[in-house]
Each structure stands twice: as structure tokens, then as C-alpha cells.
Amino acid sequence: MLILCIVYDTFSIYAISDKRLREALTGVLVGLICIAVMLNPWSLEKGLYFDTRWVLLSLCGLFFGPIPTAIAVAMAGAFRLYQGGPGGIVGTVVIVVTALVGLAGSKWRDKQGKSPTWIQLYVFGVIVQVAMLSCMFLFPAAMRNAILKKIALPILLIYPILTTIIGLILKKQEDRRTADSRLLYSNALATAALESARDGILIVNLEGKATRWNQRFVEQWKVPQHLLDMTDNKLLLAHASSQMANPEEFLRLVTELYDHPEKSSTDTLYLADGRILERYTQPQKVGNEIVGRFWSFNDITEQRNAAESLQMMRFCVDHAGDSMFWVTSEGRILYVNDAACAGLGYSREELLSMSIFDFDPDFPPSVWCKHFEELRRRGNIILETRHRAKDGRVFPIEVNANYVHFGSHEFNFAFTRDITERKRTIEERLKLEQQLLHAQKLESLGVLAGGIAHDFNNILTSIIGNADLALMRINPESPVIDNLHNIEKASARAADLAKQMLAYSGKGKFVIGNHDINDLLEEMLHILEVSISKKAALRLNLNRPLPTVEADATQIRQVIMNLVINASEAIGDKSGVIAITSGCMECDHSYLRNVWPDENIKDGPYVFIEITDTGSGMSKETLAKLFDPFFTTKFTGRGLGMAAVLGIVRGHRGAIQVYSEPGKGSTFKILLPASDKPAESFDPGTKVDHGKGSGTVLLVDDEETVRAIGSEMLKEMGFDVVTANDGLEAIEVYRARPDIAFVILDLTMPQMDGEQCFRELRALDPNVKVIMSSGFGELEVTQKFVGKGLAGFIQKPYKWAALRESIVALGCEK
């Protein structure tokens, strides 16, 4: 049995990793030892042997298990049968029975979960010996009694003790092997733990020599193997400090820790290559004795950079101009930035306890579920909704919603922007575009009116000129003279209408004169009727006689036109009445307190024009802003708002009184100071004596009728006339005729207009005399030629007398 123990340990059969091989070898070894024992038996008689094989087999079953025991039983049993003799069969039975007792003991030990004690081993030995002696009953009685008499007492007294001693030896070996196995396992576990750690780990003894480390430490500090194997730790420390951004501080702290072995510490190391390590150290103890120091180094470079990036990102988010929301799939608010808090008026803590349904009236839970499902499908949605602030204010917002998926969680990361100002700007832009379109239409109408007035003036020039010449040439007693005067009157009124059209187009001659307001209203009646809605009826209530007013007739017409069109727009699509009333009244200080403007308005007689409509009327708020610049409730005329109306009236030293109520219409009363001068009226004139002119005149006009009547007028004055139908032809004629005394030049012509032609004529002859002819006002035309040598101006349509005055001013008529 001792040989078994020695061989088992010597050849380290227990250390064989292959379990089947280890068990087979163990069974063979036990079987061989059993055979060796049986070769040196205690012979009781021939063929009957006594040995200790059953002790060995029972202990094999107890300590080595079934497979080695089965192999050993097979070998021992086969050999015992081979030996033969009267005890062969019984000896084989003893082998099997004691082996089974050993296996039963193994089962009991496994159930107990611990190794047997010496008392338990002794009891086990007794049981084995009893089992062996029980097998003796297989012999015949005489043989059995003789055998038991010889061996029973020694067996029961000595062999249990032998079994206990050998069992204790096997137990000790087993305990040592178990301890070794546990130690190996612990070392393997510690090594695995050390190598699997993300931190670099170094363990040193009290002198600072490295005793254990992991590969992460070697990689972190780029440590050569020979530095770890050296007993002197100074070179390892020097290697580490050479990589530090601050080597002196690093060495100071390490020295301090070695001087105080019981001290623990956590700090941060900054390496020269930019890496950041978090260092932790504590004393290494065995029991209560300090035997060294444990160091761990955690590379937190990425973590620190990520934290800095996160901090910068959070700063950017919190200080962004747009509101930002992190919202769960259930609509709960996870995070908001400062802009969101400021926009809604809630604190961040309040918002984080709320859901999207609490401040977005357009997204109740049922709508939110569908929205999030759509967001999940599309990934990004841009939409408009509304938010309700803490103070109850509801404002429009634009939302840029983004689907974000982290692990098993889903979020909506949304940018929102208050678009109140944008919507207001869009509305203002649309309004301005409409106003611009309206202005463009009116501008086009103005251009059209100017063009019509220009052509109209050319036609009237022919009519007025022919009537004027007819009156000059006809016998004063002729019955047609009244007809000619009627033609002159009608032409004069037509010419005045053309002037109104020019004024509407932004051009024309503004002249202050004394006018009868009734005459102006009667003249405007037709143009007012065609300018208002077909649903509005226009009524004139004119009181006669009226004092005259000193005014610019064109500007007064514009004021009347503007107020009448305003009244028509106030009536709209409904049927209504616009009444225009004229009259004269005495205004005192108390009456003039309720007019615009109320400053520098003197008491006295005023002629008034009162325009009343049955339209929608105006509120007090609208009345308060009525005369503010750029304030409007509708498009009113070609840029002539109520501020411009007030400016015109103020310029005439007058005032405006306004009365209006919503739903009851409006009344505008224009007050103009009365004048004691008589009204200017059309004087058809009579035939005037005139001197005769001499020389040649170049008449330039693109209208044949104007050239024809102009030529007749000039010939009547005694001039020779040559004509040209545009500027290019005029240049050629003037270049060919050096005898031309002066030129009458139309301003508006195709190919080369009058302005360009004038420059060319001045280039040919700096002393050329040019009378410019145009349907536009003198002030506008002559401003273009100030300082350029223009000799005169005559406005179309012109009469013979006006043409004569222009020529006399040149000194070309005697």
C-alpha cells in the first residue's frame, strides 16, 4: 500500500489532465500491486492464501472511484483465479465484495461532501474486515471454522488499524492534491482577472520591485521586459517619469507613498503625449502585514475628452437660439435647453415634469402616437404647430423633429423656432407685394393716361388751332362764329381734362389760381361716376353762389377723387350713396378745435366740400391713426393716402373734419379759406392784331395734324415753314438750311426725342433758338433744360395767341 502511495505521487499520475487515462493508469497500478501482494501470501494450507488485497481494493474504491476499482478488481480477480486452489472462487468473491464496500464508502463520502476522519476510516476498516470474513461462510463448515479460528481475531484487531493508517496517508495525499488544485485554480483565476482588467496593474514589494503585472500595464507604459525583471526599481520609475508632463511631481508623490506604506491615494496623471491616466494605489497586505503596494492605472483620455465634448455640446445646446427638446415615445420631456425655457416661460424643472401634451394644443396623446409612428417611419419631419406659454400666450412654431434610437429606447429630438415674426413678415411681404402690384397697375394706368393725354393734346392742338385760325379769318358778322366759340370752349375743357390725366400720371403743371369749387365738381362729375362702384350712387348738392378759393385745381381734384374712391371702397359690394355737398360757412375758434390740423387755423369764412358715404364706417382706433403716415386699411389711390390729403389741405391753409361710426358710414368735410377774388374763367378771346414775322421756321412734330395746323399758324404770322416728323429728320433739315431762324421742337417723338435732338442741334449751332413743345407742364419740362440754352416753351394744345407770345419772346416778330 505504501508502494501505491509512493508510485502515485512519484509519477504524478494524479496530475494527468486526461481523466480516462488517469483512471486507467490508477486501476492498472492498483491491480499490479494487488498481484504483487498475492505473489507473497500467507498460506494457510495448499491452495488457500491469505493476503491484504481486499484492504487495497476497498481503499481503491473509497478514494479512486469505480473505474480504477473495476480495472483493479478485474486484474486481481483474474490473477486469483489463475492461482487456483480451493480458495480461488472465494478469494475472487472477497475481491469483489470488499471493492463494493469501498465504492459504497465513496458514495457515502461524496454525500457527506468532506473527507473522512480517522474514526470514520477505522469504522470503514472494521466493515471491510467483517465483509471479508463473511465471505468465509462460502467454505464448507469444517474449513470455514478452521479458517475463522486462525484469522478472525488478528484480522479484526490489526487490519482495521492498517486500513486506517493507509487511509489517512491516502487522505493526506488527496487533501494536498486538492489544495494544490485549488491553489492552481486561484492562481489561474487571479491571472485571468489580472489580464482581463481594463486598467494597467502593477504589484510591487516593499522595496518597490515589480512582483506581478498585467499586459495592459506593459502596453500603457511601454515597459521593456528587462526593467520588470530587475531588482532595482529606480530604472522602472525613471522610465515612467520620462513619459510624464510633470516628472518632478510624479516622482514626489511616488516617494511620499513609499515613505508611508499604509497610505492609499487616487490622483490623475497627465502624460506628455496627451494621455490622461487615473492612478489608484493601496498597500498590499497578507493578513495584517503590509508586504507591498498595489497600483492601477485607468486610461481616461477618451472619457475625459468625451466629457469635455459633452460639456461643450451641452453648452452649445443650452445657448442655441432655437428651442430644443428631447421627448420620449410617450411624449414625456427628458431635456430642454435654455431657449425652450425662455420661450415657454417655464423653469427647466417644471418642463422636465411635463409632457408635450401640456403645452402643445395640436398634439393630444392620440395625435402624438400617430405622429411618432410617422416619425419612426420617415426619420425626420418638419412641420408647423403651436405652443402655449406659461402665461397662456399661444404662438406658432416650426418643428424639426428627428427620430433617435438608443438601444431599446426611442426618442424625438426636436428643434423648434418661434415663427410669429416670420409669419408677420410674410404677411407684410404679401401685403407689400399686393400694394406693389396695385401700385404697378396704377403706374401702368398712369403711363397709359400720360400717353393718352399726349395724343389727346396733339389732336386738341389741331382742333384749337383750326378754330383759332377760323375765328381770325372769318367775318365777325358770320353766323358760324358762335359755333367756333363753342368749339373753343369744348376744346378748352378737353384740354383741361388732358391736364387732369397728366396730373394723374404724375406729370403736369400745378398752378395756384382762384377757382369756384362748384365748377370743379361739375367738371369732375363724369370721371367720378366712372371711377366708383356701380353699386354706389353719386349725388351732387351744390350751393350757389360760392366765394372762390385760392388753390391748385389739380391738387383739389386729387383730394376729391381720393375721398370719393375711399367712400366707394367703404360701400363695397353693397348698394350705397355717396353725397358731395358744397357750401360756405363762418368758422369760429370753438368749431375749429375739432378739425385736422388744429394748429394755425384762423377764424373766418370757409368754403367746404362735404363727402358723405353710407359705407362700413371707422372705429375710434382707426380714426385716431387716420392721418398717420403709411397707415392704411385699404388701397387708396396712386400712393395718395390720407396723410397726403391732409398735407394738401394744410398747404392750402385749410382743415378737415371727420365723423364716422362703424356701420353708419363716414363724412369728410374739407374746409378751404374763402377768397374775395373772382373766379378765373375761360376767355375765348378775339382776333388780335399782330405784327408780321420773317424768316424760316423749322417745325418738328411726329403728328401730321400738329405739323399742318402749326404750319398754318406760322404762315399766318408771316414765317416760311419747313417741317420734320422726328429728331433725325430735323437734324438733316437744319444742317441743310442755314437760314432757319428758330425751331419749334416736340418733346416726345419716336427714334430721336426732343431732348436728344436739342443736344444735337446745339452741337451743330450753339446759338440755335429752340421752343420746346409738349403736353407736359412747363415746370417739369424746363427743369430738364435749366442752363442748357432752351429759348422757350409752349404747352400743347396751344392757341395762336400763345404761339405768338412764345415767338415774340424770341424777338423774331416785328
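pLDDT is the predictor's confidence in each residue, from 0 to 100, and contact means heavy atoms within 4.5 Å.

**Source of the views.** The structure is a predicted model in which local features need pLDDT of at least 70 and side-chain atom pairs count only at pLDDT 80 or more, while totals for chains, interfaces and linings use all residues. Residues are numbered from 1 along each chain as its sequence is written, and side-chain values use heavy atoms, with hydrogens and water left out.

View 1. Across the chain the average pLDDT is 83, and 89% of the residues score at least 70. In residues 682-690 pLDDT stays under 50, and the model has 18 contacts for them beyond four places in sequence. Residues 635-640 also stay under 50; for this segment the model has 19 contacts beyond four places in sequence. Where pLDDT is low, the predicted coordinates should not be read in detail.

**View 2. Packing of helices α22 and α26.** Helices (H or I, at least four residues) and strands (E, at least two) are DSSP runs, numbered from the N terminus. Helix α22 spans residues 704-716 and helix α26 spans residues 800-810. Their axes, lines fitted to C-alpha atoms over the stretch in contact, lie 11 Å apart at an angle of about 60 degrees, on a scale from 0 to 180 degrees between N-to-C directions. The crossing is right-handed, meaning that the near helix is turned clockwise from the far one by less than a right angle. From α22, M713, L714 and E716 meet W800, L803 and I807 of α26. Five of the contact residues are nonpolar, none is polar and one is charged. Here Ala, Val, Leu, Ile, Met, Phe, Trp, Tyr, Cys and Pro count as nonpolar, Asp, Glu, Lys and Arg as charged, and the others, Gly among them, as polar.

View 3. Strand β5 (residues 265-270) and strand β6 (residues 276-286) pair in the antiparallel sense over six bridges; two strands pair if DSSP finds at least two bridges between them. L269 stands opposite L277 in β6, and Y270 has I276 as its bridge partner. Five residues lie between the strands, and G274 takes a positive phi near 100 degrees.

**View 4. Hairpin of strands β6 and β7.** Ten bridges join β6 to strand β7 (residues 289-299) in the antiparallel sense. T281 has W295 in β7 as its bridge partner. Two residues lie between the strands, and G287 in the turn has a positive phi of about 70 degrees.
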